[in-house]
Amino acid sequence: MSDRQTVPELMGENDVVDLLVRQHAMIRDLFDEVEESLTGSRRADAFERLVRMLAVHETAEEEVVHPYARLKIEDGDEVVDDRLAEEREVKQMLADLEKLGTDHPGFSGHLQMLRAAVLAHTRAEERYEFAQLRARTSVAERRAMAAGVKAAEALAPTHPHPGTESVVMNLLFGPSLAIVDRTRDVIRQAMRGQVG
Ligand SMILES: [Fe+2]
Ligand SMILES: [Fe+2]
């Protein structure tokens, strides 16, 4: 499977909140899979899929969902800033864990800590951000955002880059300017296609 087709089974999800909540469930399942893997190579493979899933999921939220929520929900700035701080912490832990490697004796302990942080973060998103987003946006808006999330995920870096919680910051650390411009174009196009 190509890196660029991260979650093809979710391509049928048309509401952004449904899509992201399904991905949260998949992330939880991937943690189970890493923990339950008995051989080193299975564990490494499951962990690689977890890294990729988390990296593209958080990037898409940062590029498409949080900026919209900031404008639409009550206390948007406060709610989104708290989520971004959590995402930064999660990505730092993920990057550290990736460096440590699945064979390291400390891996399981660190994985547990990452899992607790990710679960707290996804719960906070669903409770404080997504519930309001669902209540304050139209079906067409959520459909457009779902298309934007899918486009963003298809183009997102597949490894964590802590500290790049905005597209502006991505210019400094991640992909080249041209790629970021292209990402924005694809996301805009996808979202326009859904609304127009
Ligand atoms: Fe997130
Ligand atoms: Fe999320």
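Which protein donors does the iron ion (ligand 2) have? In this predicted model, with residues numbered from 1 along each chain and chains lettered from A and ligands numbered from 1 in the order written, they are His24, His57, Glu61 and Glu125, lying 1.9 to 2.2 Å from the ion. Local features need pLDDT of at least 70 and side-chain atom pairs count only at pLDDT 80 or more, while totals for chains, interfaces and linings use all residues; side-chain values use heavy atoms, without hydrogens and water.

| Donor residue | Donor atom |
|---|---|
| His24 | NE2 |
| His57 | NE2 |
| Glu61 | OE |
| Glu125 | OE |

Donors are N, O and S atoms within 2.8 Å of the metal (3.2 Å for Na, K and Ca), and sites may look incomplete because water is not among the atoms. Along the chain the spacing is H-x32-H-x3-E-x63-E. With angles of 81 to 177 degrees among the 4 donor atoms, the site is irregular. Glu61 also bridges to the iron ion (ligand 1), and the two ions lie 3.3 Å apart. Glu61 sits in helix 2 and Glu125 in helix 4, 64 residues apart. Both are buried (under 20% relative accessible area, 1.4 Å probe, protein chains only).

Technical notes:
Tetrahedral: all angles 85-135°; square planar, octahedral: opposite > 155°, others 65-115°. Helix = DSSP H or I, 4+ residues; strand = E, 2+ residues; numbered from the N terminus. Buried < 20%, exposed > 50% of the residue type's maximum accessible area, 1.4 Å probe, protein only.
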